[in-house]
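Student: I have a structure open and want to learn how to read it. Can we go feature by feature?

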Amino acid sequence: MELLNHLALGFSVALTPINLLYAFIGSLLGTLIGVLPGIGPVATIAMLLPTTYALQPVSALIMLAGIYYGAQYGGSTTSILLNMPGETSSAVTCLDGHQMARKGQAGAALATAALGSFFAGCVSTVFVATVAIPLSEFALKFGPAEYFSLMVLGLIGAVVLAHGSLIKAIAMIVLGLLLGIVGTDVNSGAARFAFGIPELTDGIGVVSVAMGLFGFAEIITNLETTEKRELVTSKVKGLWLTMAQFKKAWPASLRGTAIGSFLGLLPGGGAMLASFGSYALEKKIAKDPSEFGKGAIQGVAGPESANNAGAQTSFIPLLTLGIPENAVMALMVGAMTIHNIQPGPQVMTSNPSLFWGLIASMWLGNLMLVVLNLPLIGIWIKLLQVPYRVLYPAILLFCSIGVFTINNTNFDVMQTAVFGFLGIVFVKLECEPAPLLLGFVLGPMMEENLRRALLLSRGDPTVFFTRPLSLVMLLMAAGLLLIIVAPNIRRKREEAFQEEAA
């Protein structure tokens, strides 16, 4: 009964005209950037963070959330028709979705992706609503020591699940932690690592870091791409499934939804990990695994359901614990901070309309996305024919304008350009920037909770080991590190990431 009352409050907030409008804008933009290869939700949310200053907090979060899960829908269109993933989590859809399109089954592949995503989005949103209350109540028992240990666990999880070298992932997190402490020390009032630059005394802005690493760098590196892709077809027909296709697709969608709902909770997980995990499972349990890679509908239904479920459930750690588990959630923390909202279990009690309004908007957003994806497929096909060399510079210009409007200073634009240059260097060195952003966002929070814990224990560092919850999380973090350095596990991890890249 309590849950129904909360949901009634949520829908009363989400169904207001202004919030419906921003849910639609977020869903539309998410689909758009999912369709366009090379522009992911991280870059888009980073670009739009400056615009949220003028919005109500709930409207801003509804729009940004719509962009994230909308990108999972739109990414399938490019993967199927162009064999180029519009979003990282849609990369695995290229394997069978594009082969279905080459066989003249593009409509069935697109319908499978859209309907599977819709089903998974609805189910996982129910899961979010159900889990949120008990998890928030549990999180209220956390003290500074528990929060510090939880963040350590989250960062270790991000290292384990990051692409590429473990050493590089750890280095990126350490760099993010160091960047996060730039600015004025709250306790002493001393400027740290500002190097006499007045603008740095307030710290480095999350918008500059995110937009530089993900927006500027991604757009510039995409301009280097000379590979040309051609649409399989300019007209898609038969946007529905035959009974035989439906019988193969729906069990895969169910399994994908379950996998995505679980893997979306893991630090560093979310949509991408869920889609690859679902594909691996479908291939393993298939009666004829040789069909995969040649147009198996299960290879579309499972991953597309999983990536949308993973995108939705990745909001659970953010909303209930205040801990971002991937780069997109780190930006959501930035958006909440902009509006003076402290993410964590207190949000449910101090701002229930925002908490439940955001959850209710996910149902509405998923419904909008079905309408945006299938009937408007012709528009998305036309969009794919726009030359990227025209599109990307225009986006770069709007990024620069957005950064400038934050504080109306050239310093922010130059700061973003510096991080854009660093982002290009990281791409060349094959260093994933997502761990850096997580470290940057979590760094100040970790420092604050570390100081509080030591202050309450009168400087006794054993407080992190004498409190049961804190000890359990630190042991889990240590266990993760020990497991990943084991030769067999490390080799399998590298093989898994090589398969994803292929």
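Tutor: Start with helix α6, residues 106-139. The expected span of a helix is 1.5 Å times one less than its number of residues. The 34 residues of α6 should therefore span 50 Å, and its end C-alpha atoms are 46 Å apart, which agrees. One caution: this is a predicted model, where local features need pLDDT of at least 70, side-chain atom pairs count only at pLDDT 80 or more, and totals for chains, interfaces and linings use all residues. Residues are numbered from 1 along each chain as its sequence is written, and side-chain values use heavy atoms, with hydrogens and water left out.

Student: Where does α6 kink?

Tutor: A bend at a residue is the angle between axes fitted to the seven residues ending there and the seven starting there. In α6 a kink of about 35 degrees lies at A132, shortly before the proline P134.

Student: How many helices and strands does the protein chain have?

Tutor: Helices (H or I, at least four residues) and strands (E, at least two) are DSSP runs, numbered from the N terminus. The protein chain has 23 helices and 2 strands.

Student: What share of the residues is buried?

Tutor: Buried means under 20% relative accessible area, exposed over 50%, and partly exposed in between (1.4 Å probe, protein chains only). Of the 502 residues in the protein chain, 56% are buried. Take α12 (298-313). In α12, 16 of its 16 residues are buried.

Student: Which residues touch the most other members of the largest nonpolar core?

Tutor: The general idea comes first. In soluble globular proteins, nonpolar side chains tend to be buried together. A nonpolar core is a set of buried Ala, Val, Leu, Ile, Met, Phe, Trp, Tyr and Cys residues joined through side-chain atoms within 4.5 Å. Here the largest has 136 residues, and F315, L331 and L437 touch the most other members. Helix α4 (residues 57-82) gives the most to this core, with 13 residues. Another core, of 6 residues, lies apart from it; V92, F276, A286 and F292 are among them.

Student: What is L331 in contact with?

Tutor: Contact means heavy atoms within 4.5 Å. Leaving aside neighbours within four places in sequence, L331 is in contact with V42, I45, A46, L49, V206, A210 and L437. Now look across the chain. Among contacts between residues at least 6 apart in sequence, 80% join residues at least 24 apart.

Student: Where is E291, and what does it touch?

Tutor: E291 sits in the loop between α11 (271-285) and α12. It touches D96 and A296, not counting residues up to four places away in sequence. E291 and D96 are 195 residues apart in sequence, yet 8.9 Å apart in space, C-alpha to C-alpha. E291 counts as partly exposed because its relative accessibility is 33%.

Student: How many disulfides are there?

Tutor: A disulfide is a pair of cysteine sulfur atoms within 2.5 Å. The count here is 0. C122 is buried at 18% relative accessibility, and C431 is buried at 13%.
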